[in-house]
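Please walk through this fold with the structure open.

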Amino acid sequence: MGWGHPVREISGRPPRLSEVSRAVSAGDETPIVGKSGLAIVELHCGTHSPYLQCWNQVRTAADAANGRELERLTAEHGTCGALAEHELAFLVARSGEHVRAHAIYARLVTRWQQLGELDRAAAAALGQTEQSANAGNFLQARDESFVAERMNLAVGLDAFARRARVTRATALANSGQRAAAKRVTLALISEYEQIGECNEAVNLGINAAQIANLEGDIVGLDSWIDRLASADHCQLTPVVQNRLALVRARAATIRGEFAQAIRIYSDTVALEANAVQRSQIYRALAELYRQLGMHTEAYSYIARSLREIPSSEAPHRVAWSLMVLASIDHDTGRGESSAQWLRSANQIFTSLGLDDESALSRMWLAQVELLSGGTESARALLDHQSGTRNRVRACLLEAEILRVEGNLAAARTTLASHKCVPLALDDILMHAATLSQSVSIEAEANAATLAAARRIESLVAGAHPALQFAALRRAATLRDAATARPLGRAENLANLILATHPYRQSHGPRSAEAVSPAFGLWLLNDVVSPAAKENSDRAVLKALGQENQGDSTPIEISDVRRSLGEREWMLMISLGDRQSAAIWMSRNELLLSPLPGRSVLVGQVENLHSALLRRQGAELDVAIERLSSTLMSTAPALRERLLILADDRLGLIPWSVLEADGKPLIEKTSISWISSLTVQTSPHPLIDAATAIVASNVGPGASNRLAPLYSAVHETDLLSLSLPRLKLEALTASKATPEALQRALMSSGRLVHVAAHGYSSPQEMGYAGLWLAPDAIGGEPQFMSWMDVATSPLNASLAVLNACQLAAGSTTVSTPSFALAVSTAGVQNVIAAAWPVSDAATNVWVPAFYHALDLNDPSSSAEALRHAQLALRNSRYFRHPYYWASLAHYRQLGIKPP
């Protein structure tokens, strides 16, 4: 027999002793190649034996994935029926029905033994233990793996015996026995490397990296990722390639590189054929979005995760998806449904013997029960808790129970205990909320809330911008707690808003301690094992010891007021469930006004957006009047400029259409959204150069996916005529690339004008950005997401983004838009539209804007935008607010040092 191309690829996953049958004549060469390098060949002489006929029927049914026909064949006696049942087990396992596959493999062990086929019985035993692990029955899989290993060793199937140990290592890792899992895994890696099984060695290296992640050993995780990168020469299977990508995505998430993680997840799920693996990726995306406070996206992905997996076949994966769903519902105030998901998850974890996960779900459930006043049920759940990981949370919950019962003195005493010292982010937030509500003196309650906010602010100062955002977005609960009480002094609430606003990232030098991935673990707070908790807490303790060193001085409201111009007012809005608050401030005045609760405000904003987009008449007038009455009835006499630092969960309000003193604000006041507050150490540079990026999708190479932008072709001319003295670099057609835009935005003192297609989808947070030139002739346009610029050190003075929806996130929740990302990344002034804009309207507002712009003062772009909006309002065709109210101005507020 000679070697050549394989007649048929023999798969060994899940295990089966496959057979290839064909008739041969003297002198024939029949190549047989197995992926693992191991093939057992038996030659049988004969022509049309009953065995061959049976095998051909089995293969035909298996290749057609005909489960019903295979089930019929399993009724055959002897080897023929057993072969059919073995193929059926393989087919069922591949479809993701792990519980059913386990039952079939278990029957096969006995059936093959009765037939005296001990090698096939051993293979079936391996299938049995692998399906236990896939179904989440890890303790059962651990025990079954010993039996499968012994059986396969006894018949000389060393490869299958090794796979039994691989399954054992997986089961040990997922049942909390990670030290034992690590020992088994490392030994197996050495064995596979010695026999040249590169793919299997890499697969086990991925398991070792995942164990390091579960242990909170971030150094070990990075070490394994570096080691696995050197295995690129291996011919990795698609399954292993996807697993390797997911480990890299996890490491990127911990480092705060959310954009990279989302891209890896999105690319991987598009290639993943296995439904269970797709479910795991969707769950990771849902949890990442939840950490960012993007609940619309989180709901979307967790729904996909649950749709992919049948609850009976992978219960532990279902349980984790339910935990994420419960977290989302808890964050969005759906306490009853949150409790329902937690009970279901706890029941699954308990039935599978997963003690850590069961304890965690009970702890979360106790916290949710307390929100509805269920102190008895919460205390009963607490009585089951033990272990170092839950000690702090259990102490905090005990204090909260005492507070709800009215025993405020005992609650404060419990909080003062060393057992209640919070380190995890959620624990700090819970400690602050309980303490502030346990103090009857309003000033002390406000001080406790502000102290927690300052602590979080200090800890995240200098961290990766995305980690800052994740932490401060979750710290919004402190603002909710403050508005739940009598509002008190304006200074206290204003300082709390400043300390917890998520868009105040700093792109300056970051200390090694703050950038530490273990610090990212603390911020994400999704670790389970005590070792991981210990590592993340150690990072926090180290940061706490250095929090007063370096540049982490908080910005006070007095600093902000001192930095305002003579004719500027600033508005800060903080949302609350029962009531919200508006703080109006100038250099000389500070006013605090109550507002309705979140649902009322959000409803009014939604109604206004809906009427604007439908271009209604009377309905629009009513919506404007209602929201104006809510927000502007207590407003002071505004002057030339209004700066707005609103609660990021409120959405983008079209302020220019709102009325004060019976007149729209557009008539006398320029409006800017404050994207970030930074200490200004030097004057902003003047605008001394301009770059125009025009992706009009017109002419040769235009894409059928996008409509042509005919007016965009002339925008460089409009810019040149409006600013004749300014040196202009025009990048059009194939030169209008994402790389060119990135370079322009990084240039100090530059005006960057963009004309292109914009896009925003609130259900897909990463897909908010620009369509730019393709990267090759005949290629598709390149998409530049807000995530591509959010953490870049940008320096341009002004960016005019003439494209649809680049200021849009959602009408109810201000998810990061492309414009906001550009502004927080460092561009001093940004102009963009919140909904689709008219291509023809460009010829009106763009010249008006640039004629009114003062190049010596980039902040004049806010007033120049007002002139541009008025030009549209006064025109014949674009007078409706739909055409001009979507344009928004973003600005960084430079805080002057004392």
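Val713 sits in the loop between β8 (689-694) and α32 (715-722). Helices (H or I, at least four residues) and strands (E, at least two) are DSSP runs, numbered from the N terminus. The model is predicted: local features need pLDDT of at least 70, side-chain atom pairs count only at pLDDT 80 or more, and totals for chains, interfaces and linings use all residues. Residues are numbered from 1 along each chain as its sequence is written, and side-chain values use heavy atoms, with hydrogens and water left out.

Buried means under 20% relative accessible area, exposed over 50%, and partly exposed in between (1.4 Å probe, protein chains only).

Now the sheet. It is open and has 11 strands, in the order β3-β2-β1-β4-β7-β16-β15-β14-β10-β8-β9, with mixed pairing. β3 (590-596) and β9 (728-732) stand at the edges, each with a single partner strand, so one side of each has no neighbour in the sheet. From one strand to the next, the twist averages 20°. Two strands pair if DSSP finds at least two bridges between them.

Helix α30 (residues 598-614) packs on this sheet, touching β2 (579-585) and β3. Its direction makes about 85° with that of β3. Contact means heavy atoms within 4.5 Å. Axes are lines fitted to C-alpha atoms, for helices over the stretch in contact, and angles run from 0 to 180 degrees between N-to-C directions. α32 lies across β8, β9, β10 and β14 (798-802), running at about 175° to β9.

Look next at β10 (residues 750-755). Six bridges join β10 to β8, and the two run parallel. Thr691 has Val752 in β10 as its bridge partner. β10 also pairs with β14 in the parallel sense, over five bridges. There, Val754 stands opposite Leu801 in β14. How many residues of β10 are buried? Six of its six are. Both faces are covered: Arg750, Val752 and Val754 lie on one side, with Leu751, His753 and Ala755 on the other.

Last stop: Pro881, in helix α37 (residues 881-884). Pro881 counts as buried because its relative accessible area is 16%. Setting aside residues up to four places away in sequence, Pro881 touches Leu612, Leu620, Val657, Trp835 and Ser886. Pro881 and Pro654 are 227 residues apart in sequence but 9.5 Å apart in space, C-alpha to C-alpha.
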